[in-house]
Amino acid sequence: MSIRHPAIRPLSIEHHHWLRLARRLRLSADRDGLARLAALASLREAGSEFERHFQDEDELARRYLNSADPDRTRLAEDHAALRDGLALADREMGEEVPDRVRVLRLADLLTAHIRWVERRLFERLDDFLRS
C-alpha cells in the first residue's frame, strides 16, 4: 500500500484500529463467554464511530464512482451487513454467553470488508483523487 491521499488517510488509520478489534473478536471466540462479552463491548463502544466512518466512505464513493459501479454497490451492501452485525453484537451483549459462531462471523465480516476497501476501493479512489 502506498501512502494514501490525505482525504483517505484518516479512514485507513481507523481501519487499522478496527482490524485489531476484529482480531480481538476472533481470539475471544475460542475463549470463555466473558472474553467474548469484553470483545463485543469494545466493538460496541466504537458504534457511533463506525456509522460516521461508513458515511465518510459512502460520500467518497458517491463523489467518484457512478451509481451503477459494482464497487459502490458492494460498499453499500457491506455497510448494511456490518450494521446488521453491530446490531447483533448489541443483542449478544444481553446473552450470558455470546454465540461463538456469530462472534467469528462478525470478526470475519469486518476483516473482509476492511481488506477489500483498502486493496480495491481505496486504490481506485486514490487514483481519482490524485488525477
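Q: Where is V97 found?
A: V97 sits in the loop between α4 and α5. Helices here are DSSP runs of H or I, at least four residues, numbered from the N terminus. The model is predicted: local features need pLDDT of at least 70, side-chain atom pairs 80 or more, while totals for chains, interfaces and linings use all residues. Numbering runs from 1 along each chain as its sequence is written, and side-chain values use heavy atoms, without hydrogens and water.
Q: What does V97 touch, leaving out residues up to four places away in sequence?
A: G33 and R36. Contact means heavy atoms within 4.5 Å.
Q: How far apart are the C-alpha atoms of V97 and A87?
A: 17 Å, with the two residues 10 apart along the chain.
Q: On to α3 and α4. What is their packing angle?
A: About 170 degrees, with the axes 10 Å apart. That makes α3 roughly antiparallel to α4, a term for angles over 145 degrees. Axes are lines fitted to C-alpha atoms over the stretch in contact, and angles run from 0 to 180 degrees between N-to-C directions.
Q: Which residues make the contact?
A: Among them are F50, F54 and A61 of α3, and L75, L82 and L86 of α4.

Note on methods: Helix = DSSP H or I, 4+ residues; strand = E, 2+ residues; numbered from the N terminus. Parallel < 35°, antiparallel > 145°, perpendicular 65-115°, else oblique.
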